[in-house]
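Hi,

Here is the structure I promised to pass on. Have a look at it first, and then read my notes below.

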Amino acid sequence: MKPDFIFESSWEVCNKVGGIYTVLSTRAKTLHDDIQDNLIFIGPDCWGKKKSPYFKQDNTLLADWQKVAKKQGIKVKVGRWDIPGQPISILVDFQPYYAEKDTIYTKLWEYFKVDSLHSYGDYDEASMFSYAAGLVVESMYNFLKLQDKKVIYHANEWMTGLGALYIKHQIPAIGTVFTTHATSIGRSIAGNNKPLYEYLWAYNGDQMAEELNMQSKHSIEKQTAYNVDCFTTVSDITATECRELIKPVDVVLPNGFEDDFVPKGAAFTAKRKASRKLVLRLANALTGCQFSDDTLIIGTSGRYEFRNKGIDVFIEALSRLNHDPRLNKQVLAFIDVPAWVGEARADLNKRLADAKKVYDTPLDNPVITHVLHNMSEDNVLGMLRRFDMWNRKDDKVKVIFAPCYLDGSDGLLNMLYYDALIAKDLTVYPSYYEPWGYTPLESVAFKVPCITTDLAGFGLWANSVMGAYSEIKDGVKTIHRTDYNYSEVADVIKDTVIDYSYFSAEEVKQARAAAERLSKKALWSKFIKYYYEAYDIALRKVQKK
């Protein structure tokens, strides 16, 4: 059964925070091509009077409904998400519902036994948004008279669970789909340095939630999973996690990709050349070292989860690489991970202002591009100090920490993330906890071979495509990672970088071509069928009621 109408909500609709933004924004065109403006995304109005860079407001869209919503006390902005497909998007103001919070949580307990008593941090914010999103769907469903239509409400992550349960209670004729992109309790177990995988079969989700003070987030996630019409996740590895900590999923929805924004042909070559020139100039201005055109530029990026994303083991590998006598090439390593960032460094900006000058002396603290609010407590800086990696002239490996969002307004080079990515020769994502992994998929789409692990959904998928453990010549090196082989992983990263540094020009060309070919197998046109399977499950379930 195909839906006539799809509502989809996420905290990352028109709000670029992490990988879910990429999931939704790249998938939107494929769905929009099918059902046109019967696809409506709902996100939080985090912008107030400021203009969102991802959203184009259009008061002529759904104008009559907007008047009705206003009378109902629902404050919205209606427009289009500025992405391929340009789907209709509604940003809802959730602030007014804080006044009703206790009543909302009481009903949530009465109807679904969700424990909100232990909430803290972002729980209230997410829940008020989710409730507001549910009100939007209810209002539009009644206004558009969709009672005779096949309608789906798709909620992403625990942050949208309350809205999914609200819809389930108020309009049971809507087929509800819930996707957990990473279980809150699994991420917490991993982030608290507990062995997740060896003991996964023995963990009790409720018990661990109490131990780790995660009761409310786990409760909303669990009850949503049990009560929606179709429960899904993004990879086989997370499906196993769901089965042990929450409940089995109905279907796995692997994350696809659209490569329509990847430059082609001569434009790709020109962009890569220009980007490499910029990052090498940045490195010279910061470190006072000179870098030749054949410098091996590598890097990692993503959310600042020091252990889960493998940032710790990446730095460990760089330290070992720096002391390995087999390395006969300059390596410039970037850690592009947003931290508690302040301003761009004025001394670095001053140097960059003179595009022609070459520097031979380092700046103070020559490993970081921005000032942090917590310089003395930052994990990356602390580990670099511990390994005495301070970008000295005789260091074969230089490391640069760019702790800002690469959204074109970093205050230095003002680069976009993909412009920084295209400059690299090799990327490293040695995740310990990674339900899918968009960063390696983006990397191979830009013809940049990458190193990942089999604890990442993407790494497992790459292995399944190859029919064996994927190697760097195949475009992706997938490392076997366990709860306990941290040191071995660091060595494999080091050895793979060295091996790649010895590749001939032809071998590099072949590896880059293999990376691009692999990315083509993950296009949304290949993966969207799993979403229609989930919609079918949900619609058939509500039809039986």
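**What I found**

The second largest pocket holds about 710 Å³ of space. Lining that pocket are 30 residues, and D122, R187, K217, R303 and E305 are the closest to its centre. Keep in mind as you read that this is a predicted model.

Which helix gives the most to the lining of the second largest pocket? That is α6, with four residues. You can find α6 at 184-191, and both α6 and α4 (123-143) supply at least two residues of this lining. By type, the lining of the second largest pocket splits into 11 charged, 11 nonpolar and eight polar residues.

Rolling a probe the size of a water molecule over the atoms shows where empty space is left. Two elements, α10 (265-287) and β11 (331-336), each give two or more residues to the lining of the largest cavity. Here the lining divides into 11 nonpolar, three charged and two polar residues.

Now zoom in on S470. You'll find S470 in the loop between α16 (457-466) and β17 (476-479). Is S470 buried or exposed? Its relative accessibility is 1%, so S470 counts as buried, the cut-off being under 20%. The S470 side chain reaches the backbone oxygen of V476 at 2.6 Å. Leaving out residues up to four places away in sequence, S470 touches A462, N463, V476, K477 and T478.

Last, the aromatic rings. A pair of aromatic rings is described by the distance of the centres and the angle of the planes. How many aromatic pairs does a search of the whole structure find? It finds 30. One of them joins F94 and Y98: the ring centres are 6.5 Å apart and the planes sit at 50°, so this pair is tilted. F94 is buried, with a relative accessible area of 2%, while Y98 is partly exposed at 31%. Y500 and F503 also make a tilted pair, because their planes are at 45°, with the centres 5.0 Å apart. Y500 is buried, with a relative accessible area of 4%. There is also an aromatic cluster to look for, formed by F257, F261, Y417, Y418, Y438 and F446.

Happy exploring!

Note on methods: Residues are numbered from 1 along each chain as its sequence is written. This is a predicted model: local features need pLDDT of at least 70, side-chain atom pairs count only at pLDDT 80 or more; totals for chains, interfaces and linings use all residues. Side-chain values use heavy atoms; hydrogens and water are left out. On a 1 Å grid over the protein atoms alone, a cavity is a set of points where a 1.4 Å probe fits but cannot get out, and a pocket is an open set with protein on both sides within 12 Å along at least five of seven lines; lining residues have an atom within 4 Å of a point. Grid points are joined across faces, edges and corners, and a volume is the space filled by probe spheres set on the points. Ala, Val, Leu, Ile, Met, Phe, Trp, Tyr, Cys and Pro count as nonpolar, Asp, Glu, Lys and Arg as charged, and the others, Gly among them, as polar. Buried means under 20% relative accessible area, exposed over 50%, partly exposed in between (1.4 Å probe, protein chains only). A polar contact is a pair of N or O atoms within 3.5 Å; within protein, one must be able to donate a hydrogen and the other to accept it, and residues adjacent in sequence count only if both atoms are side-chain atoms. Contact means heavy atoms within 4.5 Å. Rings of Phe, Tyr and Trp (its six-membered ring) pair if their centres lie within 6.5 Å; planes under 30 degrees apart count as stacked, over 60 as edge-to-face and the rest as tilted.
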